[in-house]
Amino acid sequence: MDDLDHEVLINIFSHVGPADVARLRAVCRTWDAVIQQAEVARAVLKRTWGITDLVGYPRKKSLYLVAGLSHFAIQHTCRYWESLTSVAVHYNVDVAAIRVLNNLISEHSLRSRQYVFVPVQREQIRGKAARFIYDKVVDRDLIIISDNIDKLLAGTPECEKCQIAILDDGVLKLSQLLGRGLRIDENTAKFYLADAGGDLKKAIKLFEEDRRWEFKGQ
Amino acid sequence: MRTVILRSSDGADHIVSSEAASLSRTVQSLLEELEAKEGEESPLIVPLPNVCDCTLRKVLQYCIQHTEPGTNLTGRIHVSETRRRDLEVWDRNYMLVSTDELYHLVMAAHYLNVPGLLELCCEGIANLIRGKSPQHVRQHFGLVNNFEKAEEEDIRRTNLWALVDEKELAKK
């Protein structure tokens, strides 16, 4: 059994579940090496959930095997007349579930979003195309599903563009805010903000680190 | 319908229709070569030095079953619902073999390149593996644990979540 071709082993492993694959790594070196190939993990994920096509890669490799129902979502583009309730009714899910998945605290914070992620049922995933994404706004690794693979291929980069556009507009306000908070001039604030990739908390941390270093020098 | 002679590694000949033999892509391409070289008339003998007689017999059972009327040559199967269900049942019974036989079968299916059979065998092996602990799998398939002790410990630790039910499995 130890001289099976790698191709055959990959085929075999793609038929067992995620937990089995993770456990089988401990069998022997050959199996461990084969299982570590991304191909196997992708095949297992596709077969476990009945996904037809899989686009993109996760940030962490472990997501392939530990992906649960909570990682799957539909990306819904918000229109201005929509409310959380209308989205919830449209997809037949709980309002609270959408809030949790999107870190939405209040109803009107929906206005600041281009899109929301809608949780799905297990049966909805079967037969769909899927794509790995990491969303900065909700800070989650997600697998979004869609009937149409072209939509997945084309859709997401556009959304990323939107995020950057918001950033440019918001950068001015944020740097003013940061400047006032830390009592530094706006340009310095802008520098730290850019350094932190637009993350306010990180910018403050970076600034404090620098100041500490300065004081140490004296 | 043309017939083909397949010769196994121990020299035994099996006479099958060229349709059934062509399920194996390896044989199919060999046949095309032979036909081009020797012309239409001469008997077509395909030697298969990597497949033993009993395995070849088993493989041919599959090929013949899957090329009965209702199946077309290209491998794309246009069959009625009942026929498809019959085949599924047949496949399930066909898979009732020992681990050793299954191993030889999967090797042969890979060598002969019979996609349907390979898929079936891999699924059969996967069914044997599913839900078993690594030690159990090693025993079952005669594999040797060639990890360093520290290495194995490391893999076990990183995949703890998959191993939690191992103790429960051992109890059964």
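I began with Arg7(B), which stands opposite Asp13(B) in strand 2 of chain B; here two strands pair if DSSP finds at least two bridges between them. Helices (H or I, at least four residues) and strands (E, at least two) are DSSP runs, numbered from the N terminus. The model I am reading is a predicted one, in which local features need pLDDT of at least 70 and side-chain atom pairs count only at pLDDT 80 or more, while totals for chains, interfaces and linings use all residues. Residues are numbered from 1 along each chain as its sequence is written, chains are lettered from A and ligands numbered from 1 in the order in which they are written, and side-chain values use heavy atoms, with hydrogens and water left out.

**Chain B, the sheet**

I then counted the bridges and found that five of them join strand 1 of chain B to strand 2 of chain B, the two running antiparallel. The sheet is open and has three strands in the order 2-1-3 (chain B), with mixed pairing. Its edge strands are strand 2 and strand 3 (44-47) of chain B, each of which pairs on one side only. From one strand to the next the twist averages 30°, where axes are lines fitted to C-alpha atoms, for helices over the stretch in contact, and angles run from 0 to 180 degrees between N-to-C directions. I noted that helix 3 of chain B packs on this sheet, touching strand 1 and strand 2 of chain B, and that its direction makes about 10° with that of strand 2 of chain B.

**Chain B, helix 3**

I checked the length of helix 3 (residues 53-65) of chain B: for its 13 residues, at 1.5 Å a residue, the span should be 18 Å, and the end C-alpha atoms are 18 Å apart, which agrees. The expected span is 1.5 Å times one less than the number of residues. I listed its buried residues (under 20% relative accessible area, with exposed over 50% and partly exposed in between, for a 1.4 Å probe and protein chains only), and among them are Asp53(B), Leu56(B), Val59(B), Leu60(B) and Cys63(B). The buried residues of helix 3 of chain B pack against strand 1 (3-7), strand 2 (13-17), helix 1 (18-21), helix 4 (81-94), helix 5 (99-112) and helix 6 (115-129) of chain B.

**Chain B, two serines**

I looked up Ser8(B) in the loop between strand 1 and strand 2 of chain B, and it counts as buried at 4% relative accessibility. Ser8(B) and Cys52(B) are 44 residues apart in sequence, yet 5.5 Å apart in space, C-alpha to C-alpha. Leaving aside neighbours within four places in sequence, Ser8(B) is in contact (heavy atoms within 4.5 Å) with residues including Leu48(B), Val51(B) and Leu56(B). I also recorded a polar contact of 3.0 Å between the side chains of Ser8(B) and Asp10(B); the term means a pair of N or O atoms within 3.5 Å, and within protein one must be able to donate a hydrogen and the other to accept it, while residues adjacent in sequence count only if both atoms are side-chain atoms.

Ser24(B) lies in the loop between helix 1 and helix 2 (25-38) of chain B, and at 2% relative accessibility I count it as buried. The side chain of Ser24(B) reaches the backbone oxygen of Leu112(B) at 2.5 Å. Not counting residues up to four places away in sequence, Ser24(B) touches Leu112(B), Asn113(B) and Val114(B).

**Chain A**

I counted eleven helices and five strands in chain A, and buried residues make up 43% of its 218 residues. In strand 4 (residues 129-135) of chain A, six of the seven residues are buried, so the strand is largely enclosed by the rest of the structure. Strand 4 of chain A pairs with strand 1 (residues 53-55) of chain A in the parallel sense over three bridges, with Val55(A) opposite Arg131(A). Seven bridges join strand 4 of chain A to strand 5 (residues 140-146) of chain A, and these run antiparallel. The two form a hairpin with four residues between them, and Asp139(A) in the turn has a positive phi of about 55°.

My last entry is Glu82(A), in the loop between strand 2 (72-77) and helix 6 (84-91) of chain A, which counts as buried at 9% relative accessibility. A polar contact of 3.0 Å joins its side chain to that of His76(A), and a polar atom of the Glu82(A) side chain lies 2.9 Å from the backbone nitrogen of Arg79(A).
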